[in-house]
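This report looks at the backbone geometry of the chain and at the surroundings of its ligand. Please keep the sequence and the structure in view while reading.

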Amino acid sequence: MSEAENTKELKLLKDGKRLDGRDYDQLREIQMQLGVLKRPQGSAYLKWGGNKVIAAVYGPRELHPKFLQDPTGAVIRYTYNMAPFSVDDRKRPGPDRRSVEISKISAEALASVVQVTEYPNTVIDVFVEVLQADAGTRCAGLTCASLALADAGVPMKDLVASCAAGKIEGEIVLDLMKEEDNYGECDLPIAVLPNSEEIVLLQMDGHLTREEFTKALDLAKVGCMQIAKMQKKTLLEAVKGGEE
Ligand code: ADP
């Protein structure tokens with residue numbers, strides 16, 4: 001933990017800018033890459049500020065044990081994992097309550113876009129590994145997973161783009177980094193289907209007034225639409241690259 005982080009006096013805002021120099025409505029820098037792994041049907045890598053996330057998709061493949069199968073469609077299984085070296089203090093390896101929760105809500109968000117009925121009795125496994133964490137990893141994971149599913153050629157009715165807004169020192173800001181997440185007043189991660197603008201994930205950690213909530217939700221939606229644009233650009237470039 002840095003010295004600045006250690007002190008309760010950490011100023012998150014100064015002269016209308018954030019600790020890393022961003023404006024209130026500005027995303028961190030984002031890079032996306034497809035097909036980074038050889039074995040899965042689809043994969044993607046996402047660098048989002050200090051977050052580094054990789055997603056791998058296996059399937060659709062027959063689901064075992066059979067009693068878990070759904071004859072009406074594919075089951076989406078999402079496994080979110082934070083590497084022990086992804087945070088300052090070594091994280092204890094293996095699943096915990098937080099990773100189980102993130103996996104569950106992320107699977108539900110993806111199930112709303114994947115055309116599951118095309119693959120009865122199968123499972124689509126989505127693995128998300130957080131290699132480096134700096135707040136917003138559930139959003140980064142879901143955004144990356146959506147790219148990996150597209151890379152795998154899994155039919156989807158839309159992409160899933162995810163991003164958080166929050167409140168720090170009384171101001172509503174977009175895409176909280178770790179210091180802002182730790183010392184801020186609220187974090188509001190959401191996921192949006194860019195075509196319909198339907199919200200498929202919404203969580204809130206902290207307190208907001210009704211007006212602040214509306215403002216943060218609108219800002220997070222704007223962030224998601226920016227991310228969706230980057231996702232589409234990444235996918236289009238991959239298609240064009242494949243044609244050459
Ligand atoms: P998200 O990463 O989606 O914002 P949280 O709000 O739970 O999820 O976590 C915020 C940040 O706190 C993470 O991105 C990570 O940097 C840090 N963090 C989470 N869990 C741990 C942990 N077990 N040990 C150390 N740091 C953690």
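Predicted model: local features only at pLDDT ≥ 70, side-chain atom pairs only at ≥ 80, totals over all residues.

Proline 65 has its place in the loop between strand E5 and strand E6, the latter spanning residues 75–82, and the peptide bond that joins histidine 64 to proline 65 is cis, with omega at about -5 degrees. As background, most peptide bonds are trans, and most residues other than glycine have a negative phi. Aspartate 15, although not a glycine, has a positive phi of about 50 degrees, and this aspartate lies in the loop between strand E1 (13–14) and strand E2 (17–18).

Where does the ligand lie? The space that the ligand takes is the largest pocket, which holds about 460 Å³ of space. Of the 21 residues that line this pocket, Arg98, Ala135, Gly136, Asp181 and Asn182 are the closest to its centre. Helix H3 (137–151), helix H4 (178–183) and strand E10 (186–193) each supply at least two residues of the lining, and H4 gives the most, with three residues. By class, the lining has eight nonpolar, four polar and nine charged residues.

The shell around the ligand consists of Met82, Val87, Lys91, Arg98, Ala133, Asp134, Ala135, Gly136, Thr137, Arg138, Lys178 and Asp181. H3 and H4 each supply at least two residues of this shell, which by class has four nonpolar, two polar and six charged residues.

| Residue | Protein atom | Ligand atom | Distance |
|---|---|---|---|
| Alanine 135 | polar backbone atom | oxygen | 2.8 Å |
| Glycine 136 | polar backbone atom | oxygen | 2.7 Å |
| Threonine 137 | N or O atom in the side chain | oxygen | 2.5 Å |

Taken alone, the ligand exposes 530 Å², and the protein buries 77% of that area.

How values were computed
Residues numbered from 1 in each chain as written. Heavy atoms only, no water. 1 Å grid on protein atoms, 1.4 Å probe; cavity = no way out; pocket = protein on both sides within 12 Å on 5 of 7 lines; lining within 4 Å. Points joined across faces, edges and corners; volume = space filled by probe spheres on them. Helix = DSSP H or I, 4+ residues; strand = E, 2+ residues; numbered from the N terminus. Nonpolar A, V, L, I, M, F, W, Y, C, P; charged D, E, K, R; others polar. Near = heavy atom within 4 Å. Polar contact = N/O pair within 3.5 Å; in protein donor to acceptor, adjacent residues only side chain to side chain. Areas by Shrake-Rupley, 256 points an atom, 1.4 Å probe, with all protein chains shown as cover. Sits in = over half its atoms within 2 Å of the grid points.
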